[in-house]
Amino acid sequence: MESTFHDWAGAGWANWLFMLGLLGVGIALVSGVTWGLGKLWTTLPIVRDHNWLK
């Protein structure tokens, strides 16, 4: 199995998939801030009990 991962390392398709994954994470973070999902976050019980999460 190790040789499989070593073969994937540096492959162009693996780099593109990794970058697309990072793009997805970035879009999710930006859209969460933009759409006000923070308001939903603050209604969670654990967040209400721990002010440092706000």
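**Surface patch and ring cluster**

Modeller: M1, F5, W8, W13, W16, L17, L20, L23 and I27 make a nonpolar surface patch of about 1,100 Å². A patch is made of residues with over 30% relative accessible area and no salt bridge, where like charges are joined within 9 Å and nonpolar side chains (Val, Leu, Ile, Met, Phe, Trp, Tyr) within 5 Å. A salt bridge is a side-chain nitrogen of Lys or Arg within 4 Å of a carboxyl oxygen of Asp or Glu. Areas come from the Shrake-Rupley method with a 1.4 Å probe, and for residues only the protein chains shown count as cover. The model is predicted, local features need pLDDT of at least 70, side-chain atom pairs count only at pLDDT 80 or more, and totals for chains, interfaces and linings use all residues. Residues are numbered from 1 along each chain as its sequence is written, and side-chain values use heavy atoms, with hydrogens and water left out.

Colleague: Which helix gives the largest share of the nonpolar patch?

Modeller: Helices (H or I, at least four residues) and strands (E, at least two) are DSSP runs, numbered from the N terminus. The protein has four helices and zero strands. At least two patch residues come from each of α1 (2-8) and α2 (12-34). The largest share, six residues, is from α2.

Colleague: Is W8 buried, exposed or partly exposed?

Modeller: Buried means under 20% relative accessible area, exposed over 50%, and partly exposed in between (1.4 Å probe, protein chains only). W8 sits in helix α1. Its relative accessibility is 40%, so W8 is partly exposed.

Colleague: How many residues apart are F5 and W8 in helix α1?

Modeller: F5 is partly exposed, at 45% relative accessible area. Both F5 and W8 lie in α1, about one turn of the helix from each other, and their separation is three residues.

Colleague: Why is the pair of W8 and W13 edge-to-face?

Modeller: W13 is partly exposed, with 48% relative accessibility. The ring centres of W8 and W13 are 5.8 Å apart, and the pair is edge-to-face because the planes stand at 75°.

Colleague: Which residues do the ring pairs link into a cluster?

Modeller: The cluster linked by ring pairs is F5, W8 and W13.

Technical notes:
Phe/Tyr/Trp six-rings, centres within 6.5 Å; stacked < 30°, edge-to-face > 60°.
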